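I opened this entry to keep track of what I looked up.

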Amino acid sequence: MSKLDILKAGLVGLSLCLAGTATADPVKVGMITTLTGGGSGLGIDVRDGFMLAVKQAGNKDLEVVIEDDARKPALAVQIADKMIQSEKVDILTGIIWSNLAMAVIPSTTAQGKIYISPNAGPSALAGKGCNPNYFNVAYQNDNLHEAMGAYATKAGYKKSFIMAPNYPAGKDSLTGFKRFYKGEVVGEVYTKLGQNDYAAEIAQIRASGAENVFIFLPGGMGIAFMKQYAQSGVDIPVMGPAFSFDQGILQAVGSAAIGVKNSSHWSKDLDTAANRAFVEGFKAEYGRLPSLYAVQGFDAASLILSAMDKASIKDADAFKAALKEGKIVSPRGSFKFGNNQHPIQTIYVREVIKEGDIYTNKVVDVAFEDHQDAYASACEMK
Amino acid sequence: MTSTLLFEQLLNGLQFGVMLFLMAAGLTLVFGVMGLINLAHGALYMVGAFACAVVATWTGSFWLGLAASLVAAAAAGALVEMLVIRRLYKRDHLDQVLATYALILIFSEGTRWLFGSFPLFLNVPEILSGPINLPGGLQYPLYRFALIIIGFLVAIGLYLLISKTRLGIRIRAGESDRDMIAALGIDIRLLYTIVFALGAALAGFAGALVGAIQSVQVGMGEPVLILAFVVIVIGGIGSIKGALVGAILVGVVDTMGRFLLPSLFKLFMENSAATSVGSALASMLIYIVMAFILVIKPKGLFPANG
């Protein structure tokens, strides 16, 4: 190699370095999520999924600060203000619960900051209230309930008993189910939020003559219901959204959950290279199986990383356009954004099974291909 | 609506009631004998459930877990009484509420620190799982049926303990006049510790029994605690008989309300409105009943001291 060649190579290398630093402006992400108290399992999974993607990418220009909201709206607002004003973050993410999301997101987007939701998808932000600064990589809240309604119709159930807690997300859930369910609803019950004893409701289910039972009972409520249902001798099949039957919760429900059909936009056994790599990577890093929350965290980070490759955070419009392209390889498979910046995605029906000593899910059917939420048409964005 | 459904709901109310009684009995004893408001009673319920879940997972036997729940809750109760509660008897109720509220936080965070935030697994023992057939063609969960029987056995045991034994005489004497009983040479400090540990053991026992059909998780005791307070206010503070009657009343009224009110409103309202109005009213029902009883009998149904 002549001296000239070495010089040429050096110049090329140097210019590459320069080019590299020119586009890669550092991005600071603030994550506000639930890490202690009730429901902290969800926040921990979002965080771990997010950090897995960050670690795998090894992009030094992405900085993440994480704080715990303890599921308290007031605290989440306080942390958001601090992150925006004194820590100067460019992007906020992480919130699990819709009530916290409604307290934080509108003011965040009004201040010109980008918010990327890894879970909560309240309808108020999907329709008329959509915003160019707000992206949701998870789902719109109604999606999984709609999927169960469609599946109940498809499976030929003519009489359904439906039940949810008496609070806004519970009402949205039953509305979502009924939007796609064509049969008759023989019983519709709203329980107290946080209720732990379902004897009275199970007696009604027994007497209702229903062919299937749809429940939306997230967290501990679902565990209690399933255990009591298994003891009652009622054998009407149960179905529900994935929240009550996801990886973190199934171990506490135990054998009572086996055979339950649930709807999810992701499953551990989806046979794609991206999903296998994600599940293996998560298991190697944290020593447990990932949940759908972990996937959502992972995709939120992937989305930010993909936009960083294309545009500088300093050019807000270009960066948002890059985000909206949604060019990520998601463990869920196909993924793209609709006009309201919520996902258009396939929703699967899973069944709870036992694999060795571990309770988990396997895909048995597809409820919707490329499903878009019901509010997108009310959103003025193109 | 059939009579079997009605009967099943009645059993459900009864089962809920007797479990509330286990909670309320300890609470009312402690208040009656020591004049102490113990908000940390729900934490002891949680301790019992966690002890049972851990030991049952470890040994594979629910019954060993149940024994462990009694021991752990009684030990935690005795420890708390000696370290904290003992200093509060002479203080006013506000100080007691503050200190025992702090205990709730300490117990909750301590449990979370030890066991994490995910719920623990605890299942019904094999021998009591599944349904049984009752006369009239009714299927009922065997475990809930056993809970009703256990609850009444404990009630009878408590009645015998209080009315027939030396310890019971001392407890009743302590309720009537604590200065006099101390003057008679009875170790009042020891008596207080025993009563507190007994109440704690009952709460822990209830936590373990109920934990098997609900979920064993941090903070599970507080919702039950509120209901237990309603029970002792209705029954008359300090009265075991009042606690039993109050607990069954609350259990049956709450269960029946949840089930009957929405159907009642459906008679003259549109379906989904009736469901939500009915559910909302059902969750208030026991408090309405409590207010009603207090208007008629301001000291509760069976006031302990006349």
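Below are my notes on confidence, the sheet, the helix pairs and the chain contact.

**Ground rules**

I am reading a predicted model, in which local features need pLDDT of at least 70, side-chain atom pairs count only at pLDDT 80 or more, and totals for chains, interfaces and linings use all residues. Residues are numbered from 1 along each chain as its sequence is written, and chains are lettered from A and ligands numbered from 1 in the order in which they are written.

**Confidence**

I looked up pLDDT, the predictor's confidence in each residue, from 0 to 100. Chain A has a mean pLDDT of 89, with 93% of its residues at 70 or more. For chain B the mean is 90, and 99% of its residues reach 70 or more. The model scores are ipTM 0.80 and pTM 0.80.

I then checked residues 16-22 of chain A, where pLDDT stays under 50. The model gives this stretch 0 contacts beyond four places in sequence. I count a contact when the C-beta atoms of two residues, placed from the backbone, lie within 7 Å. Where pLDDT is low, the predicted coordinates should not be read in detail.

**The sheet of chain A**

I took helices (H or I, at least four residues) and strands (E, at least two) as DSSP runs, numbered from the N terminus. Strands pair if DSSP finds at least two bridges between them.

Chain A has an open sheet of 5 strands, ordered β2-β1-β3-β4-β5, with parallel pairing. Which strands stand at the edges? They are β2 (62-68) and β5 (134-136) of chain A; each has a single partner strand, so one side of each lacks a neighbour in the sheet. Neighbouring strands are turned by 20° against each other on average, direction ignored.

Helix α2 (residues 40-57) of chain A packs on this sheet and touches β1 (27-33) and β2 of chain A. Its direction makes about 160° with that of β1(A). Axes here are lines fitted to C-alpha atoms, for helices over the stretch in contact, and angles run from 0 to 180 degrees between N-to-C directions.

I also noted that strand β4 (residues 114-117) of chain A pairs with β5(A) over 3 bridges, in the parallel sense. A:Ile116 has A:Phe135 as its bridge partner in β5(A).

**Helix pairs in chain B**

I looked at helix α2 (residues 41-59) and helix α8 (residues 188-211) of chain B, whose axes come within 7 Å and cross at roughly 55°. The two helices are therefore oblique to each other (under 35 degrees is roughly parallel, over 145 roughly antiparallel, 65 to 115 roughly perpendicular, the rest oblique). Residues that meet include B:Leu44 and B:Gly48 in α2(B), and B:Ala203 and B:Gly207 in α8(B). By class, this contact has 13 nonpolar, 5 polar and no charged residues. Ala, Val, Leu, Ile, Met, Phe, Trp, Tyr, Cys and Pro count as nonpolar, Asp, Glu, Lys and Arg as charged, and the others, Gly among them, as polar.

Next came α1(B) and helix α9 (residues 221-235) of chain B, with axes within 9 Å and a crossing of roughly 65°. Among the residues that meet are B:Leu27 and B:Phe31 in α1(B), and B:Leu227 and B:Val231 in α9(B).

**Where the chains touch**

How many residues of chain B are in contact with chain A? I found 36, against 28 residues of chain A. Elements giving two or more residues to the chain B side include α1 (3-34), α5 (142-164) and α10 (240-266) of chain B. That side divides into 14 nonpolar, 19 polar and 3 charged residues.
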